[in-house]
Amino acid sequence: MSAFPRAAELGLIGCHVCGLTCRSGPGDEYLEGGHMVCPRCGSALHRRKPNSFVRTWALLITGFLLYIPANVLPIMRTASLNDIDDNTIISGVVELWVKGSPDLAVIVFTASIVVPMLKFLSMGTLLLSSQRGSDWARPQRAKLYRLVEFIGYWSMLDVFVVALLTALVRFGLLSLVEPLPGVIFFGLTVVLTMLASMSFDPRLIWDGRDTDD
Amino acid sequence: MSTASPGTLLICEHCDTVYRRRTLERGEVARCACCLAELERHQPLGVNALLALVLTAMIVFVQANMWPIVTLGLNGQYSGTTLWGMIIAMWQQQAQVVSVLAAVTLFFFPLTKMLVLGWLLWFARAGRRAPGFVRLMVVLHHVGPWTMSEVFVLGALVAIVKAHTYFDVVADPGIYAYAALTLLITIFAGVDLRQLWDLTREDPA
């Protein structure tokens with residue numbers, strides 16, 4: 001289909017860690033304990049990340065399951081003299097919008113709702129299409145993966161907001177902010193989805209293309 | 001292709017396409033013709049400039065951690081916090097997971113990154129590999145995606161706006177230190193640390 005030479009076909013492997021181009025012939029000079037090791041940095045060499053599909057699915061699904069309590073459970077309690085108010089992620093966004101900072105509301109909404117949902121949908125799509133060896137929209141899917149990797153960690157925003165407010169708003173009976181379990185689930189969701197996108201191997205998007213020559 | 005030595009070849013990490021490496025001019029970015037991912041970009045900053053930036057980042061980091069970030073006022077009562085005040089508060093409020101996440105992504109990993117980088121660059125000035133070079137380069141690679149100071153700065157901004165409705169908000173020096181740190185992080189985002197492999201030689205033992 002295309003004239004681009006691929007490393008796997010040429011018997012080459014790029015090291016994930018240091019980027020060195022290594023040869024992976026039958027006469028492997030880098031063999032150590034049964035697997036290949038980068039001669040420069042000593043990291044394990046893989047043509048593709050090991051068990052990429054299974055690992056990514058497992059992390060993604062776990063992340064998604066934790067994302068449900070993260071949204072349903074309140075993440076933060078604000079208590080004052082005559083009023084206790086439990087906030088979920090969404091109610092926090094609504095409050096920001098109503099109290100006159102719609103721009104920040106959009107940022108928080110993006111970081112806490114849009115980005116995680118985009119990650120679940122994108123990674124799911126990438127996994128399914130790559131598992132089938134589909135050649136549908138490959139450049140776009142490659143771009144989607146890079147986007148997911150780039151924006152993933154910004155979801156931590158809301159976690160830091162709750163943490164900072166907890167530390168700041170400590171006026172005894174007058175006013176107090178406490179973290180609630182939702183924020184823990186949310187923090188874990190972010191970590192798991194980051195791990196999921198790291199364990200996905202984008203080269204799998206391009207595999208299987210030799211068959212359609 | 002069998003004549004090309006592996007050092008002159010470059011493999012796209014995103015689609016496995018192989019390229020012959022060539023020297024980039026100032027401002028040039030090499031992109032993969034197959035998947036359009038960035039392969040390499042010209043690195044305008046030399047080792048000395050990078051070391052200067054790391055040292056600056058270290059100074060700013062100390063300030064960002066020691067000074068309070070914001071103070072809230074309510075009826076004449078004041079309450080401020082530092083980064084560690086926040087980490088400890090989350091621990092005491094039964095959110096240990098969040099506390100550890102914040103400590104790791106906002107303190108320990110950024111600190112590790114700066115110290116390791118400072119150490120490696122110090123030796124790289126003379127074209128040498130620092131003791132522990134190989135292991136530290138691997139550490140640097142793994143720590144990289146887990147530093148989140150810039151996310152924290154945006155989080156602080158959101159927290160300030162939320163608190164502003166109910167409290168008097170005083171921005172403390174810590175927040176400015178964080179703003180400066182974000183700027184430095186942005187500069188470092190374009191730096192390919194793998195160049196250190198090519199810029200340094202192993203000491204003849």
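## Ground rules

In this predicted model, local features need pLDDT of at least 70 and side-chain atom pairs count only at pLDDT 80 or more, while totals for chains, interfaces and linings use all residues. Residues are numbered from 1 along each chain as its sequence is written, chains are lettered from A in the order in which they are written, and side-chain values use heavy atoms, with hydrogens and water left out.

## Where the chains meet

Let's start with the interface: 65 residues of chain A are in contact (heavy atoms within 4.5 Å) with 70 residues of chain B. Together the two chains bury about 5900 Å², with 73% of it on carbon and sulfur atoms; buried area is the accessible area (1.4 Å probe) that two parts lose on being put together, summed over both.

The rule finds 3 salt bridges across this interface, each a side-chain nitrogen of Lys or Arg within 4 Å of a carboxyl oxygen of Asp or Glu. Arg40(A) pairs with Asp198(B) in a salt bridge, the closest N and O atoms being 3.7 Å apart. On the side of chain A that touches chain B, helix α6 (residues 157-168) gives the most, with 11 residues. That side divides into 43 nonpolar, 10 polar and 12 charged residues, with Gly counted as polar and Tyr, Cys and Pro among the nonpolar.

## The second largest pocket

Here the volume is about 320 Å³, meaning the space filled by probe spheres set on the grid points. A pocket is an open set of points on a 1 Å grid over the protein atoms alone, where a 1.4 Å probe fits, with protein on both sides within 12 Å along at least five of seven lines; lining residues have an atom within 4 Å of a point.

Of the 18 lining residues, Thr78(A), Ser175(A), Val177(A), Tyr166(B) and Phe167(B) are the closest to the centre of the pocket. The largest share of the lining, 4 residues, comes from β5(A).

Note on methods. Helices (H or I, at least four residues) and strands (E, at least two) are DSSP runs, numbered from the N terminus.
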